[in-house]
Amino acid sequence: ANFVALGLHALQHRGQEAGGIVSYHPDHGFNSARRFGYVRDNFTKQSLMETLPGPLSIGHVRYSTAGTKANTAIRDVQPFFGEFSMGGCAIAHNGNITNAAALRRELTERGSIFQSSSDSECIIHLMARSLQRNIPERMEDALRRVEGAFSVVAMTRTKLIGVRDPHGVRPLVLGRLEDAYIMASETVALDIIGAERVRDIEPGERVLVRDGQVTSFKPFQKATERFCVFEYIYFARPDSLVQSKSVYEARKAIGAELAREAPCNAELVVPVPDSGV
């Protein structure tokens, strides 16, 4: 959980409303902490971090694009957790589910009880209704019904799972620190803990980490890649590598292209905000 808290601190620019961490310890089970505000104001307290023991952990910083922003409740803060017949699973989702309203209506009519206003909770309910034998297969089954953008990281008692949607709209990178594997939205989360970047998780790929071994699957039908250009323009931190490209260099190249396409008779051009450079 301490590594996750550091990673979330490096990814604070991706969401400043709230943050959450779920950890698993064989003796203490799953433990969760969700707080409003910045990572530095919550997940730097020893008293809080001691409630999140264990060798497995995932986290999330919230920037609400779905659900009720004005009246955000703590139950809207990810990661979400579900207890299935084969064990518990925590899920953190980055993206937008475009058919969330239809899925929610269908699931509610069939008896699902939603705890949040977030579109991401649909994934947990779809997994609960799946007839597949294990959690990774249930996740595949659920995500086949989801339309839109998703990069998902999930955690069970023994496994870490990462999935990107077939269009690869949102980023997801795989890193390594000694014999431990890490998944994150950006490489800055790896840099802060001294981990190395292994590779980007590919569009439509499901990566499973268990006992220090990484297994890759391609469960979805191949689709045209549609990576979100706003990662280079705005979302990502300038010192990140996104899709193996330096965000800083990409932004400079975009600025040079703008100068070519729309030149102006001026002595000085001032970019606002700084991330627009």
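Colleague: Which residues are buried in helix α1?

Modeller: Before I answer, keep in mind that this is a predicted model. In α1, which runs over residues 2–10, the buried ones are Val4, Ala5, Gly7, Leu8 and Ala10.

Colleague: And what covers the buried residues of α1?

Modeller: The cover includes two strands, β1 (18–25) and β3. It also includes the helices α2 (39–42), α3 (46–49) and α7 (188–191).

Colleague: Let's jump to α5. Is α5 mostly covered or mostly open?

Modeller: Mostly covered: 7 of the 9 residues in α5 are buried. They are Glu121, Cys122, Ile123, Ile124, His125, Leu126 and Met127.

Colleague: What sits over those buried residues of α5?

Modeller: Among the elements covering them are the strands β4 (80–84), β5 (87–94) and β6 (151–155). The helices α4 and α6 (135–144) are part of the cover too.

Colleague: What does Ile124 touch?

Modeller: Leaving out residues up to four places away in sequence, Ile124 touches Phe80, Phe81, Gly82, Phe84, Cys89 and Ile91. Take Cys89 from that list: Cys89 and Ile124 are 35 residues apart along the chain, and their C-alpha atoms are separated by 8.7 Å.

Colleague: Is Ser120 buried or exposed, and why?

Modeller: Buried, because its relative accessibility is 4%.

Colleague: Which side chain does the side chain of Ser120 make a polar contact with?

Modeller: That of Gln78, at 3.2 Å. Setting aside residues up to four places away in sequence, Ser120 touches Gln78, Phe80, His93 and Ile97.

Colleague: Gln78 again! What kind of peptide bond joins Gln78 and Pro79?

Modeller: A cis one, with omega about 0°. Pro79 itself is in the loop between β3 (56–62) and β4. For background, most peptide bonds are trans.

Colleague: What about backbone angles? Which phi does Glu178 have?

Modeller: A positive one, about 55°, although Glu178 is not a glycine. Most residues other than glycine have a negative phi. Glu178 is in the loop between β8 (173–177) and β9 (180–184).

Colleague: Is Glu178 buried or exposed?

Modeller: Exposed, because its relative accessibility is 71%. Gln243 also has a positive phi without being a glycine, with a value near 55°. Gln243 is in the loop between β13 (241–242) and β14 (245–246). With 18% relative accessibility, Gln243 counts as buried.

Colleague: Which residues line the largest cavity?

Modeller: Gln243 comes up again here, together with Leu241 and Val242.

Colleague: On to rings. How many aromatic pairs does the structure hold?

Modeller: There are 7. Tyr24, Phe30 and Phe81 are linked by ring pairs into a cluster. Phe81 is also one of the residues Ile124 touches.

Colleague: Which ring does Arg104 lie over?

Modeller: Arg104 is over the face of Phe114, 4.2 Å from the ring centre. Arg206 is placed over the face of Phe217, and there too the distance to the ring centre is 4.2 Å.

Colleague: What touches Pro219?

Modeller: Arg206 does, along with Glu140, Arg144 and Gly204, again not counting residues up to four places away in sequence. Pro219 is in the loop between β12 (213–217) and α8 (230–235).

Colleague: Is Pro219 buried or exposed?

Modeller: Buried, because its relative accessibility is 18%.

Colleague: And how far apart are Pro219 and Asp27?

Modeller: They are 34 Å apart in space, C-alpha to C-alpha, and 192 residues apart in sequence.

Key:
Residues are numbered from 1 along each chain as its sequence is written. This is a predicted model: local features need pLDDT of at least 70, side-chain atom pairs count only at pLDDT 80 or more; totals for chains, interfaces and linings use all residues. Side-chain values use heavy atoms; hydrogens and water are left out. Rings of Phe, Tyr and Trp (its six-membered ring) pair if their centres lie within 6.5 Å; planes under 30 degrees apart count as stacked, over 60 as edge-to-face and the rest as tilted. A charge sits over a ring if NZ of Lys or CZ of Arg is within 6 Å of the ring centre and within 35 degrees of the ring normal. Buried means under 20% relative accessible area, exposed over 50%, partly exposed in between (1.4 Å probe, protein chains only). A polar contact is a pair of N or O atoms within 3.5 Å; within protein, one must be able to donate a hydrogen and the other to accept it, and residues adjacent in sequence count only if both atoms are side-chain atoms. Contact means heavy atoms within 4.5 Å. On a 1 Å grid over the protein atoms alone, a cavity is a set of points where a 1.4 Å probe fits but cannot get out, and a pocket is an open set with protein on both sides within 12 Å along at least five of seven lines; lining residues have an atom within 4 Å of a point. Helices (H or I, at least four residues) and strands (E, at least two) are DSSP runs, numbered from the N terminus.
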